[in-house]
Each structure stands twice: as C-alpha cells, then as structure tokens.
Amino acid sequence: MSDQKLFVLMDRSQEWYADIIANHLEEAQKVVDGILSEVEENRDGCLVTPTKGPRKVRFLGHQDRAYRFVFCI
C-alpha cells in the first residue's frame with residue numbers, strides 16, 4: 001500500500017461550508033437558531049418560513065438557501 005494522500009475535490013459551496021464548520025461554527029449556529037425561531041410547522045410536519053419564496057441566508061459574504069444552510073450546519 002502507498003502512503004499517498006487521497007486528493008478530494010470540493011466545489012466552492014463545499015469549501016465554504018467546510019470553512020464555516022472549521023472556523024465559524026458558533027456564529028453560524030446563532031444564524032441557524034434565528035432561522036428556526038421564525039419557522040412554523042405545517043400539518044405535514046414541514047418547517048415553513050414566513051417568506052413568499054425560498055428564504056435565503058447571507059453569511060461571510062456568501063448566500064445560500066436557508067434550508068440548505070440549516071441542514072449543513
């Protein structure tokens with residue numbers, strides 16, 4: 001067996017989330033807590049935000065859909 005390291009390619013979004021988790025997790029968790037404090041559960045058990053369209057989150061100069069941000073953090 002070789003001692004070579006495996007090369008893993010990440011897209012920009014994956015790199016961004018990896019950086020958040022490694023360096024900004026506490027701050028990101030506060031954003032997630034704020035999002036979750038504003039949602040309501042519908043009759044199907046889905047968490048719904050009080051917005052007309054999909055809610056977005058801006059964090060560290062990047063923007064993503066709130067549901068993905070919550071899931072990744």
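Against which elements do the buried residues of helix 1 pack? In this predicted model, they pack against helix 2 (25–37), strand 3 (56–59), strand 4 and helix 3 (66–72).

Helix 1 covers residues 12–23, and its twelve residues, taken at 1.5 Å a residue, should span 16 Å, which agrees with the 16 Å that separates its end C-alpha atoms. Seen down the helix axis, the buried residues fall within an arc of 95°, so they line one face of helix 1. The residues concerned are Ser13, Trp16, Tyr17 and Ile20, whereas Ala22 and Asn23, on the other side of the helix, are exposed. An α-helix has 3.6 residues a turn, so residues three or four places apart point the same way. At the N-terminal end, helix 1 is capped by Asp11.

Strand 4 (residues 62–65) contains Asp64, which counts as buried because its relative accessibility is 9%, under the 20% cut-off. Leaving aside residues up to four places away in sequence, Asp64 touches Ser13, Trp16 and Tyr17, and also Arg55, Lys56 and Val57. With Tyr17, the side chain of Asp64 makes a polar contact, side chain to side chain.

| Residue and group | Partner and group | Distance |
|---|---|---|
| Asp64, side chain | Tyr17, side chain | 2.6 Å |

Terms used
Residues are numbered from 1 along each chain as its sequence is written. This is a predicted model: local features need pLDDT of at least 70, side-chain atom pairs count only at pLDDT 80 or more; totals for chains, interfaces and linings use all residues. Side-chain values use heavy atoms; hydrogens and water are left out. Helices (H or I, at least four residues) and strands (E, at least two) are DSSP runs, numbered from the N terminus. Buried means under 20% relative accessible area, exposed over 50%, partly exposed in between (1.4 Å probe, protein chains only). A polar contact is a pair of N or O atoms within 3.5 Å; within protein, one must be able to donate a hydrogen and the other to accept it, and residues adjacent in sequence count only if both atoms are side-chain atoms. Contact means heavy atoms within 4.5 Å. The expected span of a helix is 1.5 Å times one less than its number of residues. The arc is that of the directions from the helix axis to the C-beta atoms.
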